[in-house]
Amino acid sequence: MRVRRGSHDVTATWPQRPPEGSGLLCLRPAHVRVDDPCAENRVTGVVQGVSWRGPILHVEVAVDAQSVKLDIQAHAPCPSVGEKVALGFSSDAAVLLDHE
């Protein structure tokens, strides 16, 4: 299902039926990739924070005034706070739920 989230169109799955009106787009954080040119879905945002947690970096990105939090491997290239990035994910990593 194609949905519009802010200024971005994305493809998502839904557990039962497509919600009418507004819905909640949920992403699996481990399946979101930074700057993946082959991703089925891509949204852009600005890095708001990076926290080192051993082998994992927690990255927070502002996308259309919403916060997207994801985990990346500490050995992967890490974006800097204030940097514009593209986040990529497959439709299998995005689930659309009723907002109610």
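Colleague: What makes A30, V32, R33, V34, I56, D71, I72, Q73, A76 and P77 the lining of the second largest pocket?

Modeller: Happy to explain, and bear in mind that this is a predicted model. A lining residue has an atom within 4 Å of a pocket point, and A30, V32, R33, V34, I56, D71, I72, Q73, A76 and P77 are the ones that line this pocket. Two or more of the lining residues come from each of β4 (33-34) and β7 (66-73), with β7 giving the most, 3 residues. The pocket's volume is about 170 Å³.

Colleague: How do the lining residues divide into nonpolar, polar and charged?

Modeller: There are 7 nonpolar, 1 polar and 2 charged residues. Asp and Arg count as charged, so D71 and R33 are the charged pair in the lining.

Colleague: Why do you say that β4 and β8 pair?

Modeller: Pairing needs at least two bridges, and 2 bridges join β4 to β8, so these antiparallel strands qualify. In β8, G88 is the bridge partner of R33.

Colleague: What makes β4 an edge strand?

Modeller: β4 pairs on one side only, as does the other edge strand, β7. The open sheet of 5 strands runs in the order β4-β8-β5-β6-β7, with antiparallel pairing.

Colleague: Which residues touch the most other members of the largest nonpolar core?

Modeller: Of its 15 residues, those are V59, V61, V63, L70, L87 and F89. The largest share of this core, 4 residues, comes from β6.

Colleague: How do you know that L87 touches V61?

Modeller: Contact means heavy atoms within 4.5 Å, and V61 is among the residues that L87 touches, including V63, V68 and L70.

Note on methods. Residues numbered from 1 in each chain as written. Predicted model: local features only at pLDDT ≥ 70, side-chain atom pairs only at ≥ 80, totals over all residues. Heavy atoms only, no water. 1 Å grid on protein atoms, 1.4 Å probe; cavity = no way out; pocket = protein on both sides within 12 Å on 5 of 7 lines; lining within 4 Å. Points joined across faces, edges and corners; volume = space filled by probe spheres on them. Core = buried A, V, L, I, M, F, W, Y, C linked by side-chain atoms within 4.5 Å. Buried < 20%, exposed > 50% of the residue type's maximum accessible area, 1.4 Å probe, protein only. Lists of a residue's contacts leave out its neighbours within four places in sequence.
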